Amino acid sequence: MCRLVLVTGAAGYIGSHCVLNLLSNNYEVVVIDNSSTSALINGQQLPESLRRVELLANNCVKEFIFGDLCNSDVINKMFKKYRFDAVVHLADLKNITESIEQPLDYYRNNMISIINLLDAMKRFEVFNLIFASSAVVYGKPKYLPLDELHPTGQSLTSSYAKSLYMTEQILQDLCTTDPKWTVVSLRMFNVVGAHNSADIGEHTTGVPKNLMPYITQVANEGRPELRVYGSDYDTPDGTGIRDYIHVEDVCDLILKALNKIISDNWSQWYAFNVANGSGHSVLEIIDIFEKKLAQKIPYVLVDRRPGDIGHSLADISLSKQIFNWEPKRDIHLMCESAMNWQKKHINGFDCIHQNVNQ
Ligand code: WQD
């Protein structure tokens with residue numbers, strides 16, 4: 001039986017990998033994206049990331065809708081046309097630094113989108129939702145590793161984190177007042193890496209804000225050196241520790257969660273950590289790249305970045321237990337796949353058509 005899912009933000013980094021995984025696992029997918037992160041190139045009908053996904057999957061999305069979730073007419077038209085079994089919401093803007101600089105853009109996009117989406121889902125009686133939340137809702141950790149019982153919404157330092165926290169509150173209230181809803185909030189830690197084909201990956205415009213795309217550009221000699229933000233944290237080598245998770249492991253969990261909420265008799269709100277359960281510091285990541293590439297990665301130690309925390313680490317036992325899920329890709333494969341993507345597509349998706357299998 002083929003199930004039909006709406007994926008929002010489908011042309012983006014996690015979105016494109018998620019669509020590939022769903023198409024490869026007997027789902028039909030309608031995708032919507034405003035292409036703010038993966039531009040439509042040369043008048044294509046599909047964003048480049050999704051064009052490659054269809055080639056890799058040897059399968060097509062049911063429809064790509066070039067539109068913005070802030071426009072409720074666009075959403076209602078979609079729900080009138082299709083009978084969705086579930087929605088995977090991956091359309092939030094997600095850069096912490098950017099959200100500190102442009103709070104209004106983040107509140108407008110992230111809050112209006114979810115309200116419009118939930119209104120349409122209620123109106124058309126689609127009550128299954130997977131929401132891409134983030135570990136940022138935990139704020140400054142009170143204990144480690146972070147489990148799902150850790151308080152949320154305290155000491156949040158960015159409009160990105162606050163918008164995700166507010167969304168989780170809305171979703172919990174919805175599930176409390178109407179038991180028809182089933183919502184799984186996936187609190188993603190640091191999602192990195194790329195599909196093993198290296199034909200899709202994290203497309204960045206301008207100077208990458210995140211560590212992994214930045215370090216691969218230094219390794220590929222696109223940038224002179226890495227600035228290491230903070231070397232005085234309470235960590236073994238003083239640099240920030242994060243719990244990195246491969247994007248394909250994230251998509252495996254999304255698939256398992258979808259299978260469960262569509263087939264099982266679940267109803268209410270659930271939150272789960274999406275991470276590896278192990279932490280690595282910035283200097284450790286640098287060391288991995290230097291050993292793998294047999295080259296030095298030039299870096300300089302500078303002050304902490306505003307809004308950063310020193311140590312983030314997840315307890316993933318609940319996700320493992322409920323979904324029978326286990327991350328399969330370790331930090332070495334995460335770094336290797338990120339590097340392969342950077343080498344093969346130095347300008348990401350901003351390129352003329354290349355033979356995907358090139
Ligand atoms: C990782 C470590 C930096 C860049 C991310 C996403 C956010 C959210 C949570 C999903 C930190 C250090 C970084 C650089 C550096 N993801 N760093 N030099 O800050 O944990 O947040 O994960 O919701 O969207 O931004 O990730 O990759 O920016 O930083 O030293 O040039 O690398 O200080 O310790 P972060 P990051």
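Start by selecting Val 7. Leaving aside its neighbours within four places in sequence, Val 7 is in contact (heavy atoms within 4.5 Å) with Val 19, Leu 22, Val 29, Val 30, Val 31, Ile 32, Val 88 and Leu 90. Before going on, note that this is a predicted model, where local features need pLDDT of at least 70, side-chain atom pairs count only at pLDDT 80 or more, and totals for chains, interfaces and linings use all residues. Residues are numbered from 1 along each chain as its sequence is written, and side-chain values use heavy atoms, with hydrogens and water left out.

Now widen the selection to the core. A nonpolar core here is a set of buried Ala, Val, Leu, Ile, Met, Phe, Trp, Tyr and Cys residues joined through side-chain atoms within 4.5 Å. Buried means under 20% relative accessible area, exposed means over 50%, and partly exposed is in between, with a 1.4 Å probe and protein chains only. The largest nonpolar core has 56 residues, and Val 7, Val 19 and Met 188 touch the most other members. Select residues 247-263 next: this is helix α8, which gives that core its largest share, nine residues. Apart from this core lies another one of 32 residues; Leu 69, Ile 114, Leu 117 and Val 137 are among them.

How many of the residues of α1 are buried? Eleven of eleven, so to speak a mostly covered helix. Among the buried residues of α1 are Tyr 13, Ser 16, His 17 and Asn 21.

Step past α1 to Asn 26, in the loop between α1 and β2 (27-33). Asn 26 has a positive phi of about 65° and is not a glycine. Most residues other than glycine have a negative phi, and most peptide bonds are trans. With 46% relative accessibility, Asn 26 counts as partly exposed.

Jump to the loop between β5 (128-134) and α6 (159-177), where you will find Pro 145. Check omega from Leu 144 to Pro 145: this peptide bond is cis, with a value near -5°. Ser 155 sits in the loop between β5 and α6 as well. Phi of Ser 155 is positive, near 50°, in a residue other than glycine. Is Ser 155 buried, exposed or partly exposed? At 45% relative accessibility, Ser 155 is partly exposed.

Now go to Asn 109, in helix α5 (residues 103-123). Asn 109 has a relative accessible area of 10%, so it counts as buried. Beyond four places in sequence, Asn 109 is in contact with Cys 70, Ala 91, Asp 92 and Leu 93.

Finally, zoom out to the whole chain. Colour by secondary structure and you get eleven helices and 13 strands. The radius of gyration (over C-alpha atoms) is 20 Å, close to the 21 Å from the globule rule (2.2 Å times the number of residues to the power 0.38) for 358 residues, so the chain is as compact as a globular protein of that length. Along its principal axes the C-alpha trace spans about 55 × 50 × 40 Å. Buried residues make up 57% of the 358.

Terms used: Helix = DSSP H or I, 4+ residues; strand = E, 2+ residues; numbered from the N terminus.
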